[in-house]
Protein chains: 2
Amino acid sequence: MKLKDFAKLVGMSATTVSRALNGHPEVNAQTRARLIAAARQHGYQPNAHARFLAMGHASTIGCVIPIGGRNEIVNPIYADFLAGVGEECARRRFEINLTVVPEEEQPDAYRALSSKGLIGGVIVQFPRHDDPRPALLDRIGLPYVVHGRVTGHDGPYSWVDVNNQRAFQRGTEFLLQLGHRRIALINGDERLDFARRRRDGYLRALADAGVGADPALMASGEMTAAYGYAQARRLLGGARPTAILCAATMIATGVRQAVEEAGLVLGRDLSVLTFDDDLSYYANREAVPVFSAMRSPVRVAGARCAALLIDRITGGPGDPVQELLEAELVIGRSTAPPA
Amino acid sequence: MKLKDFAKLVGMSATTVSRALNGHPEVNAQTRARLIAAARQHGYQPNAHARFLAMGHASTIGCVIPIGGRNEIVNPIYADFLAGVGEECARRRFEINLTVVPEEEQPDAYRALSSKGLIGGVIVQFPRHDDPRPALLDRIGLPYVVHGRVTGHDGPYSWVDVNNQRAFQRGTEFLLQLGHRRIALINGDERLDFARRRRDGYLRALADAGVGADPALMASGEMTAAYGYAQARRLLGGARPTAILCAATMIATGVRQAVEEAGLVLGRDLSVLTFDDDLSYYANREAVPVFSAMRSPVRVAGARCAALLIDRITGGPGDPVQELLEAELVIGRSTAPPA
DNA sequence: CTGAAAGCGCTTACAG
DNA sequence: CTGAAAGCGCTTACAG
């Protein structure tokens with residue numbers, strides 16, 4: 001059904017119906033209520049393309065997923081993030097356009113989506129410390145929100161981030177207070193901005209406590225169980241740490257396996273504290289969680305990114321907005337004073 | 001830049017430019033080549049909404065992800081599937097619309113996406129044995145392709161599936177040939193169609209070999225490491241099986257942990273054969289893989305679903321098409337004759 | 001508070 | 001092989 005048909009059906013002009021459905025103030029409140037009810041009843045929905053065309057901007061958020069690069073983003077964290085974006089979009093009546101492209105074609109993809117009018121803005125995911133995307137998007141003139149931060153980018157931009165530095169600083173301090181002195185860090189890829197901030201927090205806490213950092217206790221790579229397992233084996237083979245900070249629950253899972261295979265007991269012989277993205281699929285949420293964790297839901301971050309981006313798309317230009325989420329320190333069964 | 005401007009720029013009418021860019025046969029091959037090159041050079045891209053409006057159908061595939069239901073689909077398998085869909089869409093110049101809705105609102109979401117003209121068709125994911133979506137979509141008149149099958153649905157429909165029954169039958173036969181007689185099955189949720197077919201294949205192989213099925217050796221639930229771990233502990237505590245079939249690598253990972261914790265050696269004391277969706281994030285791809293597996297890439301399935309759906313959307317009605325993929329039986333280090 | 005008309009940027013019969 | 005014109009289904013100044 002199209003607007004004209006529906007307008008005839010309810011005995012109003014198309015103009016009035018359109019205004020009522022879009023919540024314009026000119027139309028009588030009773031009329032509006034009646035028309036909205038009638039639309040639902042008859043299942044009338046305005047054609048989105050005609051709408052976008054007439055309004056001049058797409059009510060659509062772009063998510064561009066690079067593929068086949070070194071940081072394969074097709075990962076569980078991305079799925080939960082998208083769920084958060086989706087929830088906010090549903091609330092605000094926005095759509096999500098998902099594009100999968102080889103990493104080197106990302107700039108072209110942004111340009112194409114923008115000039116085709118398919119999206120009103122994009123969310124930039126997994127930014128690197130010196131990520132070129134904000135500068136590119138500024139040049140194209142496409143609104144964006146960064147999930148995380150791009151330290152190397154000049155000028156203001158909107159972002160949503162969790163306070164990674166503080167989380168890892170607090171986490172390290174917690175382990176220090178328990179009496180640990182040999183604390184290892186199994187970090188994500190440190191070309192990624194958030195991974196650097198995490199390392200900074202860890203180093204800051206050690207320095208504040210007068211504990212020297214040992215490069216042999218620091219690793220940086222993929223956030224997978226396999227990587228956690230391999231690094232834990234390496235660490236257990238050498239001058240053993242008494243505690244390990246992990247950048248992701250998947251890493252911690254690998255660490256746990258290595259610990260158990262070595263005949264050690266988690267939380268007694270070796271403490272593990274992990275960053276927990278609170279993924280719906282990898283629950284660490286029992287009354288007393290398996291892993292002590294710095295927990296921050298990536299799903300909430302997705303929703304907030306979408307919220308800020310939609311504000312920018314609908315509100316026109318204006319000062320960029322930043323939002324810093326704090327991680328909780330949740331104590332579970334994997335931490336204790338050193339044996 | 002819009003068509004009119006671009007047409008003026010190259011000294012042609014908008015009509016001719018449009019036809020050239022859309023590959024219509026009427027336009028001179030030289031002219032076409034010249035116009036295509038010029039479009040790329042000047043960065044002209046037709047506005048997608050105007051295009052959809054004029055053409056009458058959206059070149060967009062809908063992916064509707066239910067959330068918060070019993071089968072939380074926000075999972076690693078979904079991410080790889082989407083990557084496959086995205087690859088095919090990129091090739092065919094289609095877009096992906098991603099919608100996240102509570103499970104009970106799924107029918108409304110389909111109707112809304114369809115009547116807003118946002119999508120040309122949808123992919124139905126994780127179908128249940130008696131899934132109501134095909135019937136609903138038939139009623140709405142929205143083209144669709146099912147990833148998997150809906151045994152309970154009357155009438156023809158398009159689907160792409162892996163031969164789950166044969167995979168599990170072959171897998172079970174392989175274990176039987178090694179000499180196993182007590183073979184357990186840790187399956188996915190058996191309300192899902194594919195899980196039933198897997199169980200059927202397992203039971204058929206046992207029956208063909210004259211081996212009785214033992215309900216105590218069969219489990220069905222979430223495809224997570226936690227579930228695999230819990231079920232493996234249960235199985236190891238009772239009259240122990242000598243081999244376990246798993247419905248997912250994540251389950252197998254949990255089983256492996258339970259096996260190792262029990263002081264047993266995988267592939268010597270207990271054989272494990274798993275269905276492997278070949279996720280990019282959970283590689284089981286070494287020269288000699290950790291897990292012996294029935295392997296079928298879910299990413300390829302995503303690409304094939306997209307291909308069939310795009311054919312249906314652009315080709316108009318016609319007989320539904322089915323595509324059955326076969327899983328490979330890949331032998332790794334987790335299977336051997338019983339001790 | 002309501003409506004007739006123009007315009008958003010394309011595609012595609014129709015006419016040449 | 002090419003072009004002028006109508007039409008896709010909306011929204012929104014403009015006029016009442």
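Let me begin with the surface near DNA strand C, whose residues divide into ten nonpolar, ten polar and five charged, where Ala, Val, Leu, Ile, Met, Phe, Trp, Tyr, Cys and Pro count as nonpolar, Asp, Glu, Lys and Arg as charged, and the others, Gly among them, as polar. Please keep in mind that this is a predicted model, in which local features need pLDDT of at least 70 and side-chain atom pairs count only at pLDDT 80 or more, while totals for chains, interfaces and linings use all residues. Residues are numbered from 1 along each chain as its sequence is written, chains are lettered from A and ligands numbered from 1 in the order in which they are written, and side-chain values use heavy atoms, with hydrogens and water left out.

In total, 25 residues surround DNA strand C, and among the closest are A:Thr16 and B:Ser18; a residue counts as near if one of its heavy atoms lies within 4 Å of the strand. Of the DNA atoms within 4 Å of the protein, 60% belong to sugar or phosphate and the rest to bases.

Turning to polar contacts, meaning here pairs of N or O atoms within 3.5 Å, a polar side-chain atom of A:Thr16 lies 2.8 Å from a phosphate oxygen of DNA strand C, and for B:Ser18 the distance from a phosphate oxygen is 2.3 Å.

Terms used. Polar contact = N/O pair within 3.5 Å; in protein donor to acceptor, adjacent residues only side chain to side chain.
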